[in-house]
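The sequence and the structure come first.

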Amino acid sequence: MSQLVKHDTGTGAGLHSNPRDSSSPGLPAERSKDRLIGRLLAGCAVIGSLFFAYELGARATLPERERQHEDSPSRPGSVAPGAEERAQHAHADEHAAGAASPPIRPLEPGPPSNEPAEPPREPSPREHRDRVLRELRASGPDHRLFAPASAVVGAWTSKLAKLGAAGTFEPLECYAKGCSVTVVHASAVNAEEATEVITRTREFNGWQAGKMRSGLIEHDGDRVEVTWILDAPPPDSPVLPEELPRDDLDELVERGSGR
């Protein structure tokens with residue numbers, strides 16, 4: 001840049017001057033300051049531009065870097081390439097091994113004991129008779145049956161004596177469910193003969209409900225006892241019919257007379 005020399009005739013001193021402005025003596029310092037500020041602003045602008053460009057690049061590559069970070073085997077819980085396939089093969093091998101292994105079977109019971117199982121014990125004649133009597137007595141008294149049952153037992157006593165099969169009759173008991181009477185015989189044979197006579201009498205066959213006799217119950221010595229049960233007829237039914245059937249004792253009478 002060319003400089004002009006201005007001659008001041010008043011002082012005779014010559015000064016270098018800028019053709020744009022030479023009126024202020026502090027002009028060189030202000031110009032230096034302005035240039036410094038300008039350079040600082042330019043530098044800041046450059047730094048800002050570089051930082052902005054870096055941010056744009058970082059944001060553009062962020063998804064890819066995140067995917068690479070997730071796929072990295074060094075991250076806890078991540079699976080290295082090929083590890084998932086190996087895990088699937090290992091799972092398939094375990095499944096095949098489990099399918100090939102035999103199922104667990106429950107322990108089989110040991111061989112049966114050589115000792116035969118004891119059959120359930122049947123009640124004795126006395127036990128069975130006593131159970132039936134308990135059921136009768138638990139039903140409560142019923143005087144409706146006593147009179148006809150007494151007539152039946154009286155006829156049995158008479159006919160047994162005539163045919164030589166007499167027994168000792170204990171007191172008659174009557175309840176709502178039926179009546180019972182116990183007879184003691186001299187022997188088991190005598191008890192069976194008396195049973196045949198009783199079941200052939202008109203009184204036995206005329207009773208309008210069920211009848212039964214207990215088994216032979218051993219008594220003192222050779223003696224045995226049996227208990228006869230006469231079930232109660234329905235409340236609206238007669239105990240005995242108006243006309244009893246005939247006795248069926250002819251065969252027994254002939255058998256007794258031929259002895």
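## Overall make-up

The protein chain has 259 residues, of which 22% count as buried. The model is a predicted one. Its secondary structure amounts to seven helices and eight strands.

About 19,300 Å² of the protein chain is accessible surface, and carbon and sulfur atoms account for 57% of that area. Among contacts in the protein chain with a separation of 6 or more, 68% are between residues 24 or more positions apart.

## Nonpolar cores

The largest nonpolar core is made of 25 residues, and W156 and W228 have the most contacts inside it. Two or more residues each come from α4 (146-162), β5 (178-185), α5 and β8 (224-231). Helix α4 gives the most, namely five residues. Apart from this core lies another, of five residues, including L133, L136, Y175 and I229.

What does W228 touch, leaving aside residues up to four places away in sequence? The list includes W156 as well as C179, S180, V181 and V183. T195, I198, T199, F204, M212 and R213 are also touched by W228.

## Helix α5

Helix α5 covers residues 188-198, and its buried residues are N190, A191, A194, T195, V197 and I198. Viewed down the axis of α5, these buried residues fall within an arc of 160°, so they line one face of the helix.

## The disulfide

The structure contains one disulfide. C174 and C179 form it, with their sulfur atoms 2.2 Å apart. The link between C174 and C179 is right-handed, with 110° about the S-S bond.

Are the two cysteines buried or exposed? C174 has a relative accessible area of 10% and is buried. C179 is buried too, with a relative accessible area of 1%.

## Salt bridges

Side chains of opposite charge can pair when their charged atoms come close. In the whole structure, a search finds 13 salt bridges. One of them joins R137 and E173, whose closest N and O atoms are 3.1 Å apart. This pair links distant parts of the chain, with R137 in helix α3 (residues 125-138) and E173 in strand β4 (residues 173-175), 36 residues apart. Both partners are partly exposed: R137 has a relative accessible area of 42%, and E173 has one of 26%.

K159 and E203 form another salt bridge, with the closest N and O atoms 3.0 Å apart. Here K159 sits in helix α4 and E203 in helix α6 (residues 202-206), so that distant parts of the chain, 44 residues apart, are linked. K159 and E203 are both buried.

## The network around R200

R200 forms a salt bridge with E251, and their closest N and O atoms are 3.3 Å apart. R200 lies in the loop between α5 and α6, while E251 lies in helix α7 (residues 250-257), so the pair ties together parts that are 51 residues apart in sequence. Through salt bridges that share partners, E196, R200, D248 and E251 are joined into one network.

Why does R200 count as buried? Its relative accessibility is 15%, and buried means under 20% relative accessible area. E251 is partly exposed, at a relative accessible area of 43%.

Conventions: Residues are numbered from 1 along each chain as its sequence is written. This is a predicted model: local features need pLDDT of at least 70, side-chain atom pairs count only at pLDDT 80 or more; totals for chains, interfaces and linings use all residues. Side-chain values use heavy atoms; hydrogens and water are left out. Buried means under 20% relative accessible area, exposed over 50%, partly exposed in between (1.4 Å probe, protein chains only). Helices (H or I, at least four residues) and strands (E, at least two) are DSSP runs, numbered from the N terminus. The arc is that of the directions from the helix axis to the C-beta atoms. A nonpolar core is a set of buried Ala, Val, Leu, Ile, Met, Phe, Trp, Tyr and Cys residues joined through side-chain atoms within 4.5 Å. Contact means heavy atoms within 4.5 Å. A disulfide is a pair of cysteine sulfur atoms within 2.5 Å. Accessible areas come from the Shrake-Rupley method with a 1.4 Å probe; for residues, only the protein chains shown count as cover. A salt bridge is a side-chain nitrogen of Lys or Arg within 4 Å of a carboxyl oxygen of Asp or Glu.
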